[in-house]
Amino acid sequence: KEENRGQWGSRSGFILAAIGSAIGLGNIWRFPYVAASNGGGAFLIPYLVALFTAGIPLLILEFAMGHKIRSSAPGVFAKLNKKYEAIGWFQTLIAFFITTYYVVIIAWSFSYLFFAFTGAWGTDPKAFLFGDYLKLGDAPSTLGNLGASLGGLNLKVAVPLLLVWGINYGVLRMGVKNGLEKANKIFMPLLIIALLVIVVRGVTLPGAMAGLDYFFTPDFSKLTDPKVWLAAYGQIFFSLSICFAIMYAYASYLPKKSDIVNNAFMTGLGNCSFSLISGIGVFSILGFMAHTQGVSVAEVSTAGVGLAFIVFPEAINQLPGMNGLIGGVFFITLIFAGLSSSMSIMEAVVAAISDKFKLTRVQALNRFALTSGILSLLVATNGGLYVLDIVDYATNQYGIVIAGILELVILGWFFNLESVRTYVNELSDFRVGKWWIWAIKGTSVLLVVILALKIKGEIAAPYEGYSWTALGVYGLGSMIIITVGSFIMAKKKGSQEFEDKIYT
Ligand code: PHE
């Protein structure tokens, strides 16, 4: 029976896959910016505190529960109490929604890999991105606009999107050991090499040192600002892929004898090292940009889509040589980092469906790929970016925090964590002390504070100035669909095997 669910073939296979999930677009386009704008070098203090008080303890928790119960998120929560199964589905559905646009961004990266060589973005990468490539209309201040902009399918995005789906589908279909493990064993080393090429090119460019100064110069006065601490915890949660149902699924494929604590430390530290190195690459190139434009580093530093698809193309244009090659390597970095994360989000959903309904991997995968694939094509329509942006914001900024609160309150306060600690310590060389339980409880409280502050900030200034209607329909709407969907999925009758697992 266990073999049907698949198993990692080696310890390094699991760790690489877990690190592969953790290392994603966020390490490259989010971490450097968050660090630089929250105290630079001094940000490392809250960041490392967040890693050790929340990141690694939660990885230990999720690895332990997935391993112990040998199930994806819905089964883990159902095993605690049938009433809690919906929480597992809530996390799974967030992963489902995130898939629909995460794959689209990887698709853009494929297009840009190609553009890096053809120089298609020309001298004005911003106009190119929004005009020629994404074909966006005016910003949707009203719903009417937004509906109108959901026009025809944008083939420039849809074609690479099919490629991204094809790769993910192929890997997931081959299973845990032959698919996910093999893919990560190929992607991760290539990713590291690609990143090192970017870093070496970056630090040898004129202006790089000013960029690194900006990135690293510690502003210790920032440490008294609670926002900086919240940013650090937020970054750790997103970056380690925790509270997304992912790590439960991945850990459920671990062999019986697996050192949980060691695996959690390796994953946490591996991910953070990658973030630091990519910060060095990104900021040396931003320093170079600032240098060529004669502006300050602060003026060119940004995160997200703007960094990857506007500022970097601009920087690539200015390179003294090998523009196409270096540009290509940069987008390859995004592609590898993105693919190894997208596989993990998809696996969380596929594992949940097949665990509950006792479908084969391929049956579950086909169902998932069909629904999520169609939704992601909608994101690739002209103007779909606005929907993407809002759904992304709602699921990422609110969904994960809510999922985290539900998970930690249940596990931390209504469940005997001491039994998990004993379980973990029997398996691990390095034992976790009682501090671990307090780390989990403390993090639950912190997340409630984070949520309250977010809501307060939202009311004061709605996200990106979108209308409340647009935010309501796409943002709140996606959250309502996720919540209702969680209850529906939890109510559905599971396979005999699923019920047996819960009640024995
Ligand atoms: N951890 C990934 C990153 O830092 C993000 C991610 C999100 C991974 C969703 C999987 C699922 O980019």
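Predicted model: local features only at pLDDT ≥ 70, side-chain atom pairs only at ≥ 80, totals over all residues.
1. **Ligand shell.** The ligand is surrounded by 15 residues. The closest are Gly24, Gly26, Ser239, Ser341 and Ile345. Sorted by class, the shell holds 7 nonpolar and 8 polar residues. Charged residues are absent from the shell.

2. **Where the shell comes from.** Four helices each supply at least two shell residues: helix 2 (11-22), helix 3 (25-37), helix 12 (226-239) and helix 17 (323-357). When you inspect the site, start with these elements.

3. **Nonpolar core.** The largest nonpolar core has 175 residues. Those with the most contacts inside this core are Ile60, Ile94, Ala95, Val104, Phe244 and Ala348. Helix 6 (residues 85-118) gives the most to the core, with 22 residues.

4. **Ala95 and its partners.** Set aside the neighbours within four places in sequence. Ala95 is then in contact with Phe244, Ala245, Ile246, Ile345, Ala348 and Val349.

5. **Helix 7.** Which residues of helix 7 (residues 125-133) are buried? They are Pro125, Leu129 and Tyr133. Viewed down the helix axis, these buried residues fall within an arc of 50°, so they line one face of helix 7. The buried residues of helix 7 pack against helix 6, helix 9 (155-173) and helix 16 (304-318). Lys135 follows helix 7 and has a positive phi, near 50°.

6. **Cys243.** This residue has a phi near 70°, a positive value in a residue other than glycine. Cys243 lies in the loop between helix 12 and helix 13 (246-251). Is Cys243 buried or exposed? Cys243 is buried, because 27 other C-beta atoms lie within 10 Å and the cut-off is 20 or more.

7. **Lys358.** Lys358 also has a positive phi, near 55°, and is not glycine. Lys358 sits in the loop between helix 17 and helix 18 (361-379). Lys358 counts as partly exposed, because the residue has 15 C-beta neighbours inside 10 Å. That class lies between exposed, at 12 or fewer, and buried, at 20 or more.

Key. Residues numbered from 1 in each chain as written. Near = placed C-beta within 6 Å. Nonpolar A, V, L, I, M, F, W, Y, C, P; charged D, E, K, R; others polar. Core = buried A, V, L, I, M, F, W, Y, C linked by C-beta atoms within 7 Å. Contact = placed C-beta atoms within 7 Å. Arc of directions from axis to C-beta.
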